[in-house]
Amino acid sequence: MEFLAAAIAVGLGALGAGIGNGMIVSRTVESIARQPEARNQLQTTMFIGVGIVEVIPLAATVIAFLIMFS
């Protein structure tokens, strides 16, 4: 049962991060299309946001390992 809980935690974490990254990148592309002169600032903010979103699956993986080996 612990393995199933760990798999669900990792799977949902990856799913949420994928959706979040897709939304961030799509909105950034829209913004760059509207204001090309703000491209560098928008890309910097996008990369920071993507980095923060990528913490979610890493935390889910750590939690999964804690569930499996506790």
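Buried means under 20% relative accessible area, exposed means over 50%, and partly exposed lies in between, with a 1.4 Å probe and protein chains only.

Some ground rules. This is a predicted model, where local features need pLDDT of at least 70, side-chain atom pairs count only at pLDDT 80 or more, and totals for chains, interfaces and linings use all residues. Residues are numbered from 1 along each chain as its sequence is written, and side-chain values use heavy atoms, leaving out hydrogens and water.

Now the layout. The chain has three helices and zero strands. From the N terminus, the order is α-α-α. Helices here are DSSP runs of H or I with at least four residues, strands are runs of E with at least two, and both are numbered from the N terminus.

Next, the overall dimensions. The radius of gyration is 16 Å, while a compact globule of 70 residues would have one near 11 Å. That radius is taken over C-alpha atoms, and the globule rule is 2.2 Å times the number of residues to the power 0.38. Along the principal axes, the C-alpha atoms fill a box of roughly 50 × 15 × 5 Å.

What about contacts? Take those between residues at least 6 apart in sequence: 72% of them join residues at least 24 apart. Contact means heavy atoms within 4.5 Å.

Look at Asn21 in helix H1. Is Asn21 buried or exposed? It is buried, with a relative accessible area of 14%. Leaving aside residues up to four places away in sequence, Asn21 touches Val50, Val53 and Glu54.

Helix H1 covers residues 2-34 and also holds Ile19. Ile19 belongs to a nonpolar surface patch of about 780 Å², together with Met1, Leu4, Ile8, Leu12, Leu15 and Met23. Patch residues have over 30% relative accessible area and no salt bridge; nonpolar side chains (Val, Leu, Ile, Met, Phe, Trp, Tyr) are joined within 5 Å, like charges within 9 Å. A salt bridge is a side-chain nitrogen of Lys or Arg within 4 Å of a carboxyl oxygen of Asp or Glu.

Last stop: the structure holds one aromatic pair. The rings of Phe65 and Phe69 have centres 6.1 Å apart and planes at 10°, so they are stacked. Rings of Phe, Tyr and Trp (its six-membered ring) pair if their centres lie within 6.5 Å; planes under 30 degrees apart are stacked, over 60 edge-to-face, the rest tilted. Phe65 is partly exposed at 47% relative accessible area. Phe69 is exposed, at 65%.

Note on methods. Areas by Shrake-Rupley, 256 points an atom, 1.4 Å probe, with all protein chains shown as cover.
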